[in-house]
Amino acid sequence: MDKNQATGLILFAGVILVYSFFFASSPEIPTEETQVPAQAESVDRDVQPAMQSTILSENDSLQSAQNIAKYGELAVLTSGEESQITLENDLIQVTVSSKGALIEEVNLKEFKNWEQMPLLLIDAENSQMDFSIESRMGLVSLNDLYYSSDLQTEQDEEGATIHILTLSAATESGQISHVFKLKDGSYEVHKSLKIDRYSGYFTGNSIRLTWADQVKAQERDLAESRRKTQVNYYLNSGSYENLGVGDDLEQELVEEPVKWIGFSQRFFTAGLIATDSFQNVSLAQSTPADSSIVKFMEASMDIPLKEGVADYSYYFGPDNYKTLKKVTEGFENNVDMGYFFVSWVNKYIIVNLFAFLEKYFSNYGVIIILIVFIIKLALSPLTYKSYIGMAKMRVIKPEIDELKEKYGDDATKMQQEQMKLFGQLGVSPISGCLPMVLQMPFLFAMFFFFPNAIQLRQESFLWASDLSTYDTFFNLPFTIPFYGSHVSLFTLLMTVSQIVYTHFNNQLTTAQGPMKNLGYIMPVMFMFILNSYPAGLSFYYFVSNMVTFGQQAVIKLFVDDTKIRAKVEESKAKNVNKKKSKFQQKLEDAMKAADSNRKK
């Protein structure tokens, strides 16, 4: 998590706690310009073709000799004609070059970039892969070999179509083949590299793969994209790791075997998944000055050769939690669901709620509203208990005021007498805030879910053209520090609703003075924090505030302070001669000890 997110989360936690506790170069061939003058043309006309042929022949011979010296028996495979072959299903289109058997382009067919152009997750200009292996000629790059192609389909046991592209190159000494398999309805491309025979030529027992990618900007908000783009990886031991989200150059040598590596953007991931494990992994990332590039990412690894075969898979697709979870163990970590104390809400409740509601509703603004109502309904018993707890504190305010007048100058004595009063009246000072605290994971969970929810990407609602980024009601001719140069209307609505809720909540609490006014300051602070956050998040909080306001207004209609006071008096009569509990006695002893130490 970057500093901006951490600051926002800390302030967010502060607001909730306040409410909880206080408020509820090729050879040059002669051209016409370099040839002899016109008067000599007739003499040299027959000589020139022969000269050119001789030069080309000499160059070819020289190149051939160099290739033989470098590649040995593979030299014959280093010449050929390059072509591009397309492997595709209903979700992705993968373009593979016959030279090197390299993936040159990956088009995610369901998605567009922010300019509504095809979303190319990988392209030849920005992404390069290199496959090399140790041989008796030294380190040999398989990228320089030319392959013949064969594209076929077959059916699996369930009747799904599998598209198979085989690229092979052979000499008398053996054969090298690359087999790509892509199943319909999948974002995964399985790759198998096989070396058959070539006895004594290859000396290495693994393929060295180096992948360098300049991640292109696919979203409008470059700053947010950079904050959410990082190299992720997962160890065979079951530990998820990443290089972080900083802008400086970060490098890491991973000593343990690695199961998968993900070049994860805000909403999409290009990943490598080992069939067994990747060894000797080296990772790096940095942020360039070029605004068309989000980050530079690089990964190098050894892929073990077992009986001449190296198997692994690619993932080219969206950061959809349920989709990633089906790929391999831990791959869903490419979506940030938050810290452990809130991630369970997103993983097991919110993700499934979204998936369920998507079947019946296509408008994501409506889906957000429904999610608010469902969560508020499920948490309504806690809301009711919180209201009753605050109501009890409100009706015993006269007794508390009397204690303040009597022991106002002695804070320790005041606390002791308050605890005694609470025990006699059967009132708990945390009865109003504890239910609120239990609701906090749901409030925090949204802080992580909405900025990473690909479901909201390029989905419009009302005036917001994209719920996954901030809505711009109008642009300012200047920039306000910590706020920006735009005005988000959903954030303004959220701020107003929070102030209204605070005013209503103040009528239910016993907070006084500065603490009571603090509730009006915090929403304004959040207006600055959330102005550049996704419109979906601000809209969720706005709807949540209004529903909570409505809940408390309804509860107030059915809750009679007179009846609550009667129950308090009933508890007071029962507890007149009640002995102090062990907890109360220990608490009083601790207070006395603290007061004694303070006076010393």
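Glu307 counts as exposed because its relative accessibility is 81% (exposed means over 50% relative accessible area, buried under 20% and partly exposed in between, with a 1.4 Å probe and protein chains only). The model is predicted, local features need pLDDT of at least 70, side-chain atom pairs count only at pLDDT 80 or more, and totals for chains, interfaces and linings use all residues. Residues are numbered from 1 along each chain as its sequence is written, and side-chain values use heavy atoms, with hydrogens and water left out.

Glu307 sits in the loop between strand E17 (293–304) and strand E18 (309–318). Its phi is positive, at about 55°, although Glu307 is not a glycine. Most residues other than glycine have a negative phi. Gln458, also not a glycine, has a positive phi of about 60°. The loop that holds Gln458 runs between helix H11 (434–452) and strand E19 (474–480), and Gln458 is partly exposed because its relative accessibility is 29%. Helices (H or I, at least four residues) and strands (E, at least two) are DSSP runs, numbered from the N terminus.

The count of aromatic pairs is 30, a pair being rings of Phe, Tyr or Trp (its six-membered ring) with centres within 6.5 Å; planes under 30 degrees apart are stacked, over 60 edge-to-face and the rest tilted. Phe447 and Phe448 are edge-to-face because their planes stand at 80°, with ring centres 6.1 Å apart. Phe447 and Phe448 are both buried. These two residues belong to one aromatic cluster, together with Tyr339, Phe340, Phe341, Phe444 and Tyr533.
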